[in-house]
Amino acid sequence: MGSQDIITIEDDFTLLRFQNDSDVSFQAQHEVSSGLIQFHFGLKGKAKFNFNQGNYALDLNEEKSYLFYNPQKELPLNLELAPNTWVISILISIQKFHRLFSNDAGHIPFLSDENKDKKYYKEGDISPSMAIVLSQLFHYNLNPSIKNLYYKGKGYELLSLYFNRSEDPNAEQCPFLIDEENVYKIKKAKEIIIANMAEPPGLQELADEIGLTLKKLKMGFKQIYGDTVYGYLFDYKMDYARQLLDTGSYNVNEVGLKIGYSTGSHFIAAFKKKFATTPKKYLMSINSNV
């Protein structure tokens with residue numbers, strides 16, 4: 001099942017790590033008092049925030065981030081994580097946050113005098129350098145005695161990268177930022193295999209296209225997305241197949257062909273491996289609920 005780790009870094013500064021590696025959705029809840037700024041980062045998979053007793057929902061997609069702030073009311077965290085989803089959240093008080101940027105707060109809208117008592121919401125992308133830090137937070141393997149110090153450093157590093165206005169992931173990076181450049185290439189590899197899911201390139205071909213060695217492609221992909229290249233693609237194709245079935249516009253064979261299965265039997269076997277049911281039975285269950 002999924003897990004929820006709460007790391008208290010300092011007073012009014014908390015880091016939460018949500019990890020769902022199971023095949024079913026995982027519900028996570030956490031009380032959040034008013035006056036706390038919430039940062040949420042979707043490293044992989046898909047999560048959903050439910051607000052106001054489920055009357056309003058907001059999706060957090062892979063490689064996306066959210067910033068929430070509402071000084072007038074509490075915004076408790078009610079998070080639903082889809083299978084194979086990793087999320088990092090940071091909660092920090094407006095007072096502590098303001099002290100971090102007291103000398104350079106002009107470019108942060110909700111810190112200005114006219115906005116400090118207003119609610120604030122922002123959606124953004126996760127940059128390659130942020131992806132590195134997020135990945136490190138899920139691959140912590142240092143001595144437990146320095147766990148809090150490690151998370152404290154990574155928490156502040158993540159905030160500083162979030163507000164790094166000059167960062168351009170498409171720009172040529174300095175030589176010592178080779179890790180960040182590699183992350184950008186790995187993300188490009190993910191885009192390539194998704195765009196060509198019906199006929200994906202071979203691993204060596206993919207490595208050549210993004211400009212990495214085969215070893216760095218395999219290691220980097222596993223570190224960032226927690227799976228092999230083709231393992232990730234398999235999960236993506238099955239989720240996409242389920243979405244196509246949900247529309248009611250395609251039969252089983254048509255869906256199989258769209259995601260690259262030349263025979264229906266191979267698609268049925270793959271779908272059953274992922275969801276423990278056949279596409280036909282899944283369609284029947286959908287129709288029975290209509």
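**Close-up 1. Helices α7 and α9 pack against each other in this predicted model.** Helix α7 covers residues 229–247, and helix α9 covers residues 264–275. Their axes lie 10 Å apart. The packing angle is about 100°. An angle of 65 to 115 degrees counts as roughly perpendicular. The two helices α7 and α9 are therefore roughly perpendicular to each other. From α7, the contact takes in F234, D235, M238, D239, A241, R242 and L245. From α9 come F267, A270, F271, K273, K274 and F275. Sorted by class, the contact of α7 with α9 holds 8 nonpolar and 5 charged residues, with no polar ones.

**Close-up 2. Helices α5 and α6 cross.** Look for α5 at residues 203–210 and α6 at residues 214–225. The two axes come within 9 Å. They cross at roughly 95°. That makes α5 roughly perpendicular to α6. On the α5 side, L203, Q204, L206, A207 and I210 take part. They meet L214, L217 and K218 of α6. The contact of α5 with α6 has 6 nonpolar residues, 1 polar and 1 charged.

**Close-up 3. Helices α2 and α3 run in roughly antiparallel directions.** Residues 128–138 form α2, and residues 147–162 form α3. Their axes come within 10 Å and cross at roughly 160°. An angle over 145 degrees counts as roughly antiparallel. So α2 and α3 are roughly antiparallel to each other. The crossing of α2 and α3 is left-handed. Helix α2 contributes S129, M130, V133, L134, Q136 and L137 to the contact. Helix α3 contributes Y150, Y151, K154, E157, L158, L161 and Y162. The residues of this α2 and α3 contact divide into 9 nonpolar, 2 polar and 2 charged.

**Close-up 4. An open sheet is built from 6 strands.** Trace the strands in the order β1-β2-β9-β4-β7-β10. The pairing is antiparallel.

**Close-up 5. Strands β7 and β10 pair in the antiparallel sense.**

**Close-up 6. A second open sheet has 4 strands.** Their order is β3-β8-β5-β6. The pairing is antiparallel here. Strands β3 (26–30) and β6 (56–61) stand at the edges. Each has a single partner strand, so one side of each is left without a neighbour in the sheet. From one strand to the next, the twist averages 25°. Inside the order, β5 (residues 46–51) and β8 (residues 77–81) run antiparallel, joined by 3 bridges. F49 has L79 as its bridge partner in β8.

**Close-up 7. A salt bridge links R17 and D5.** Side chains of opposite charge can pair when their charged atoms come close. In the pair R17 and D5, the closest N and O atoms are 2.7 Å apart. Where do R17 and D5 lie? R17 is in strand β2 (residues 13–20), and D5 is in strand β1 (residues 3–10). The pair therefore ties together parts that are 12 residues apart in sequence. Across the whole structure, a search finds 12 salt bridges.

Notes
Residues numbered from 1 in each chain as written. Predicted model: local features only at pLDDT ≥ 70, side-chain atom pairs only at ≥ 80, totals over all residues. Heavy atoms only, no water. Axes fitted to C-alpha atoms, helices over the stretch in contact; angles between N-to-C directions. Parallel < 35°, antiparallel > 145°, perpendicular 65-115°, else oblique. Left-handed = near helix turned anticlockwise from the far one by under 90°. Contact = heavy atoms within 4.5 Å. Nonpolar A, V, L, I, M, F, W, Y, C, P; charged D, E, K, R; others polar. Pairing = 2+ DSSP bridges. Salt bridge = Lys/Arg side-chain N within 4 Å of Asp/Glu carboxyl O.
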